[in-house]
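Welcome, and please open the model in your viewer. We will go from stop to stop, selecting a few residues each time and looking at what is there.

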Amino acid sequence: MLMIPASRLRSIALAIFRAVGTPEDVATETVDILIQSNLAGHDSHGVQLMPSYVRFAGEGHVVAGARAEVVEETPTTALVAGRWGWGQHTAAYATRVAVRKAREMKVAVVAMVECNHVGRLGEYAERAAAEGIALIGTLGSANKTGSTAPYGGRRGVLGTNPFAFGIPAGKRDRVLLDFATTLIAGNKVAVAAAKGEMLPDGAILDKNGRPSRDPKDLRDGGVMLPFGAHKGYALSVCAELLGNIVSPSYRWRGPGRWGGTLFIAFDPAMFAPRDEYEAATDEVIDRIKAVEPAEGFNEILIPGDPENRARAKRGAEGVPVPEATWQALGETSATLGLDIETIAG
């Protein structure tokens, strides 16, 4: 395992995005989101994605120079088309639209189409919460085949179909919930493979429908499984409907990812003064934190605490990068005429 300063990873990622034709502001925004994923401890949605992203751009699935835009709008809704550009840029743009409308009208619904992989969904919930707006986000796969089997099935028909919630608080800034409806996120399987680690029990089935812990079995025709049996499966179905039907990705087919993304944003203090809302939110969090830890635990954590701690630690010590991931970044850079060993942070 290598420890790479976040500043160096950022410089390398920026050089790669520029090399494939991404405008400077779009590259900066997209890279910031990738690096924030690494800093937050979610390496599955960080720089390890870049080799596949470069491949997608080369194959025409991503239009590196594209910019997102609003194509339909009312005072409380917007449909944003990403024009098959980088999904992180599209989702960040849609977050700004959702926050603005929620401030003006108290509630907003923003759907995204022509939208490639957005990365870590919780990033956008955090951005909205930092602006004092609550945001619920979800997305679906929109494919007839998928990486995830329904509860009781053995063939993939769903995606990892995540949900994210960002809720502003008072002294604690925000509460953050971000999870795939599978036992683990799909890209975490790739991270486990890069580290040479096994998966937890109940994460995947192999191509013959048998339980497996080997991440290689997923690429060899296996499928992922929902968490919590029927409960995670039911949430995944809701994500599929909200992310692909309410957000009408089926009407906007093209060269990139076909799935849609949906944000629901609202002013959490719409029914009470802001200071009263914040004080009440803090009281709930303090009450939870005051519970005595059970055996084997040191303290009670609030959703979002692990990301805060990872940022502090990795910001000081660097980001752990598996050697296989570093090698893949080097090989990808070389195809673009870059040498990551000469790129300083």
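Predicted model: local features only at pLDDT ≥ 70, side-chain atom pairs only at ≥ 80, totals over all residues.

**Stop 1**

**Stop 1: where the domains meet**

Now turn the model until you can see the boundary between your two colours. How many residues of domain 1 are in contact with domain 2? There are 26 of them, and they touch 20 residues of domain 2.

The size of an interface is often given as the accessible area lost when the parts come together. Here the area buried between domain 1 and domain 2 is about 1,900 Å², and carbon and sulfur atoms give 53% of it. Select Glu29, Ile33 and Tyr53 next: this trio supplies 29% of the area that domain 1 buries against domain 2, more than any other three residues.

The boundary also has its polar side. Eleven residue pairs are in polar contact across the interface of domain 1 and domain 2. To see which elements take part, select helix 2 (24-39), helix 3 (50-58) and helix 10 (305-317), the elements that each give two or more residues to the side of domain 1 that touches domain 2. Helix 2 has the largest share of that side, with eight residues. Sorted by type, the residues of this side are 13 nonpolar, ten polar and three charged.

**Stop 2: salt bridges across the boundary**

Three salt bridges are found across the interface of domain 1 and domain 2. Show the side chains of Arg311 and Glu126, which form a salt bridge with their closest N and O atoms 2.6 Å apart.

Now select Arg96 and Glu29. They form a salt bridge as well, and the closest N and O atoms are 2.6 Å apart. Arg96 lies in helix 4 (residues 87-105) and Glu29 in helix 2, so this pair ties together parts that are 67 residues apart in sequence. Are the two partners buried or exposed? Arg96 has a relative accessible area of 43%, so it counts as partly exposed. Glu29, at 13%, is buried.

**Stop 3: along helix 2**

Stay with helix 2 and pick Ala27, which lies in this helix. Its relative accessible area is 0%, so Ala27 is buried. Which residues does Ala27 touch, once neighbours within four places in sequence are left aside? They are Leu14, Phe17 and Thr22. If you draw a distance from the C-alpha atom of Ala27 to that of Ile16, eleven residues away along the chain, it comes to 9.1 Å.

Not counting residues up to four places away in sequence, Ser37 touches His42, Asp43, His45, Gly46 and Arg120.

**Stop 4: more salt bridges**

Asp43, one of the residues that Ser37 touches, leads us on. Show Arg314 beside it: the side chains of Asp43 and Arg314 meet in a salt bridge, 2.6 Å from N to O. Asp43 is in the loop between helix 2 and helix 3, while Arg314 is in helix 10, 271 residues apart. Both Asp43 and Arg314 are buried.

Move on to Glu114 and Arg83, whose side chains meet in a salt bridge at 3.1 Å, N to O. Glu114 sits in the loop between strand 4 (107-113) and helix 5 (122-130), and Arg83 in the loop between strand 3 (77-81) and helix 4, 31 residues apart. Glu114 is buried, at 11% relative accessibility, whereas Arg83 is partly exposed, at 31%.

Terms used. Residues numbered from 1 in each chain as written. Heavy atoms only, no water. Contact = heavy atoms within 4.5 Å. Buried area = accessible area lost by both parts, 1.4 Å probe. Salt bridge = Lys/Arg side-chain N within 4 Å of Asp/Glu carboxyl O. Polar contact = N/O pair within 3.5 Å; in protein donor to acceptor, adjacent residues only side chain to side chain. Helix = DSSP H or I, 4+ residues; strand = E, 2+ residues; numbered from the N terminus. Nonpolar A, V, L, I, M, F, W, Y, C, P; charged D, E, K, R; others polar. Buried < 20%, exposed > 50% of the residue type's maximum accessible area, 1.4 Å probe, protein only.
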